[in-house]
Amino acid sequence: MMQTTIGRRGALLGAAAAFSSFAIGGRAFSQTTPVVFGALPPLTGAGGPYGPAMLRAAQGVVEAANSAGGIKGRQIRLAFEDDQTNPDAGVRGARKLIDVDRVQALMGTWASSVTTAVAPLCWENRVPLFTVSGADSITLLPHQGHIFRTQPNSRLQIETASKWLLGKGAKRVFHMAAQSPFAQSSQDVMTATLGAAGGAVSGYIVYERDKTAFRSEVDTIMKSNSDTVMLNGYLPDVTILLRELYRAGFDGRRFTFAYAAPASVFGTLPNEVTNGLTTFQPSPDLNSPAFTRLKAAFGSTEVDPYSAQVHDHATMAILAAAQGGDATGSVIRDNVRKICQGDGEKVDNVTDGLRLIAAGRAVNFEGASGPCEFDERGDIRGTKFRYEIAEGGAYRVLELV
Amino acid sequence: MDAYLIAMLVFAGFYALMALGLNVIWGLTGMVNLGLVGFFALGAYASALLTTKLFWPMPLGWAAGAVVAAAAGAVMALIVARLRGDYLAIVTLGFAEVIRLTASNEIWLTNGTDGISGIPGPWRGDVSPPEFNLIYLGIVWTAVAVVFVLLARLSHSPFGRVLRAIREDEDVAAVAGKPVLWFKVRAFTIGAAVLGGAGALYAHYNAYIAPDGFAPLLTIYIVLALTAGGVGAMRGAIIGALFVIALLESTRFLSAIIPGVSPVQKAALREGAIALSLILLLRFRPQGLIPEKTRTKAFP
Amino acid sequence: MIQDWRDLAQVLLNGVMAGSVLMLPAIGFNCIFAVLRYPNFAIAGFATAGAFAGWVANAVYGWPVGLALPLAFLVAGLVSLTAEELAFRPLRPAGPLTVAIASVAMTILLENILRFSFGNDLRGYDLPILRDWRFDGIRINPQQLQNTGYAIVAAGGLFLLLGFSRLGRAMRAVADNPVLADIKGVDPNRIARVAVFIGGGLAGCGGMLIGIDTSIDPLTGFRVVLSVFAAAVVGGLGSIPGAALGAMVVGVGEEMAGLVLSPAYRTVTAFLAILLVLMFRPQGILGGRN
């Protein structure tokens with residue numbers, strides 16, 4: 001390994017060698033070579049709090065699949081690179097995974113900018129890309145079916161959440177948004193949805209994510225006479241905002257995306273601050289034994305929404321390859337919808353899925369993040385949302401809608 | 001593997017262009033610029049917007065990228081040229097952050113954090129992706145060659161000698177009757193133009209740009225490239241860029257074989273190793289791999 | 001947005017609170033600059049190191065803040081001293097800019113050493129979070145007030161040291177004129193070490209105060225670094241009281257930004273403050289020499 005590394009470096013410096021030949025190369029390999037999948041999560045930079053758990057989720061699925069005999073007898077290897085939460089580094093990492101490791105599917109991109117930057121590489125090389133990114137523009141790219149986005153469309157999420165809030169009696173909702181690709185569209189959707197039912201967006205602030213103090217912003221929230229504040233940000237900044245809202249004595253409802261306040265928030269903030277915080281996320285059916293088993297599989301720690309999604313990315317890629325009978329990118333792309341929607345037998349984990357597919361049965365994968373059904377653009381559809389409330393350092397499920 | 005190497009050589013070309021631009025500002029004139037990624041971003045955005053929104057032809061977009069960055073460089077230089085180096089370091093660092101924040105927030109112009117996608121590339125779509133890579137390899141390294149020749153000439157011209165004199169001792173240059181401010185502004189403008197041009201080329205290769213891509217880390221990489229190659233020597237800038245890409249990429253393979261550490265720890269080792277190599281280079285080989293052969297000052 | 005004097009008072013107060021958090025790293029930055037004449041960008045790394053040291057003492061070993069804070073000072077000071085001796089001192093002959101660039105790299109190195117050791121997870125100090133006090137509609141948080149108190153005590157300690165001790169006089173002498181100080185028998189290297197230790201230590205205390213007020217991860221120092229530089233420049237590079245004043249100006253400016261510009265442009269305010277000061281008073285508000 002060391003030897004080849006130095007060889008590679010030498011080759012890189014010796015540019016001439018690279019000119020001599022170029023060919024994408026056949027993707028044929030024997031039964032003994034492992035199938036390689038690639039993960040590109042953020043391990044450093046702004047996405048750092050999320051990436052490591054996402055990667056562990058994918059690794060767990062791959063281990064389980066390998067213990068179950070792999071894809072038609074072939075073992076699976078998960079190669080990964082750190083995208084550094086930066087599209088430039090992300091593209092270089094994706095290049096390495098696609099061109100050197102020859103991955104047949106790429107998963108776990110987090111930042112919308114990284115996903116959009118690596119997407120063309122994926123469709124040009126016929127590698128399906130599974131992502132958790134929130135920007136709605138991603139599935140509008142000309143990706144020829146290569147993108148599968150398990151994060152529901154942000155317009156859909158905000159609309160659903162706004163309606164739920166209205167149902168709970170919210171009239172004046174303050175929208176506190178970190179600058180992101182969906183801040184403005186969220187604001188538009190909230191204004192329309194709340195306005196149509198007699199409610200209103202009582203204030204809207206777009207803030208800089210990397211700051212450590214938001215006191216004046218919280219003053220604005222306090223003065224807005226709002227019954228609810230929607231915290232449309234990420235873990236580091238939402239943690240600060242929750243603390244500041246508590247200090248200021250905000251007594252309305254605090255509502256946020258589950259990824260902005262995953263269970264780890266209880267380790268960072270005292271319970272009196274988090275109590276009453278309401279979160280929502282796409283979810284599988286709660287009453288199914290599948291969900292219980294999934295929670296057990298993730299161990300005692302509550303699984304955060306991104307890890308749940310990446311768990312599903314890996315499972316779908318493996319099952320699609322098994323279903324198609326060949327682990328190439330195109331086969332995986334064409335078979336994802338066959339294993340996760342339709343009348344097949346419901347499965348929630350890779351082991352059962354592989355067993356059923358080997359037995360020639362049709363499967364319908366229902367994952368940790370929801371039913372995993374995709375529309376023609378690659379957006380998730382038909383998902384339900386789970387609403388949870390923080391109580392004494394744990395989340396309690398309020399309802400699934 | 002070939003496709004990967006070619007892509008990395010294209011990246012090395014961008015880094016080489018940036019290092020050349022920085023070399024005019026820092027290497028020749030002695031003005032530090034820790035905001036070079038800001039000029040790079042300006043060039044990228046200018047060209048991307050003009051070609052996708054106003055449908056300018058690509059070469060015109062590239063030129064515009066250089067011009068916009070040059071104009072910003074000129075204004076910046078006028079404000080800061082009389083400042084001492086330490087102030088300059090802080091101001092330029094802040095400038096790059098302002099550019100990034102503006103690109104994030106002025107959605108009407110830049111499409112915000114969503115970025116601009118679908119930026120055209122020469123013959124993209126008409127040729128296969130590997131062919132496109134090869135074409136771009138040719139374009140970028142041609143640009144590197146042209147800029148290198150021009151800057152090498154500049155560096156050995158009377159103009160270049162004045163810049164070096166300013167770098168060595170501003171007061172002496174002023175006493176010798178040289179309008180120091182004017183020379184500094186011109187040098188900064190030329191450097192910024194190269195940085196902007198590099199940004200424009202980058203935008204059309206990647207087809208996508210977003211504020212996240214113009215993080216301060218890129219500035220560090222380019223400073224490292226120039227330090228590694230040898231500050232002041234134009235050849236050094238190119239060698240240094242190749243060195244940085246080799247370092248960035250080889251650490252991927254090296255960190256993969258370290259046993260017993262978690263993925264986050266590997267990522268930390270990788271970023272840490274890059275920072276450490278810059279410190280070690282400054283310490284043990286400050287003249288770089290290709291020391292500058294200067295006629296204005298003999299090394300002791 | 002501003003309807004009566006209370007709103008204005010509230011913003012000013014918020015700004016002072018924000019500024020007091022920036023104050024110690026800014027003083028640390030200027031303390032090092034005063035003696036060694038180079039901008040030490042690694043101050044961000046020292047702040048994060050101090051934040052983690054304080055966190056380990058407080059959250060793992062249960063130390064109270066009053067004890068953890070000196071430890072943060074000590075650890076960050078030692079980190080700073082080690083960085084100086086191993087990395088920066090050999091570079092000093094190559095000029096201040098070379099050292100400055102090495103210090104940028106040092107910040108990234110420290111960030112990743114902490115990431116290697118602690119991971120990326122957000123960590124909170126083990127402290128209850130207190131509700132604000134309200135006076136006639138104006139809110140003050142006792143915890144932040146306490147943090148401001150700590151910052152003032154630390155800064156005050158430095159003033160006393162500089163003003164009334166032999167060591168302080170020696171430091172000021174070296175800062176004013178190293179050659180003259182050398183002639184008078186002050187060892188500039190010893191003074192440099194003291195300045196580097198104190199500067200890094202103050203940054204570490206500042207980092208811990210940020211950690212108490214928010215939560216910490218390997219990027220903690222990095223998030224405030226531009227505001228800290230702005231504070232140092234606005235106050236006058238190398239001026240200790242200047243750094244304190246500059247931190248307040250930048251803190252208030254950033255809170256005001258939400259009302260004038262947009263909260264998404266806070267960092268821009270810091271940069272504008274730098275530019276304004278440099279255009280009209282390049283030596284900073286309290287910077288004497290240039």
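Student: What puts two residues in contact here?
Tutor: Their C-beta atoms, placed from the backbone, lie within 7 Å. This is a predicted model, in which local features need pLDDT of at least 70 and side-chain atom pairs count only at pLDDT 80 or more, while totals for chains, interfaces and linings use all residues. Residues are numbered from 1 along each chain as its sequence is written, and chains are lettered from A and ligands numbered from 1 in the order in which they are written.

Student: Switching to chain C. How do the axes of α5 and α8 cross?
Tutor: The axes of α5(C), residues 142-164, and α8(C), residues 188-213, come within 10 Å and cross at roughly 175°. Axes are lines fitted to C-alpha atoms, for helices over the stretch in contact, and angles run from 0 to 180 degrees between N-to-C directions. The two helices are therefore roughly antiparallel, a term for angles over 145 degrees.

Student: Which residues of α5(C) make that contact?
Tutor: C:Q144, C:N147, C:Y150, C:A151, C:A154 and C:L158. On α8(C), the partners include C:I198, C:L202 and C:D213.

Student: Last one: what comes just after α6(A)?
Tutor: A:G169, with a positive phi of about 95°. Helix α6(A) itself covers residues 154-167 and has 14 residues.

Terms used: Helices (H or I, at least four residues) and strands (E, at least two) are DSSP runs, numbered from the N terminus. The expected span of a helix is 1.5 Å times one less than its number of residues. Angles under 35 degrees count as roughly parallel, over 145 as roughly antiparallel, 65 to 115 as roughly perpendicular and the rest as oblique.
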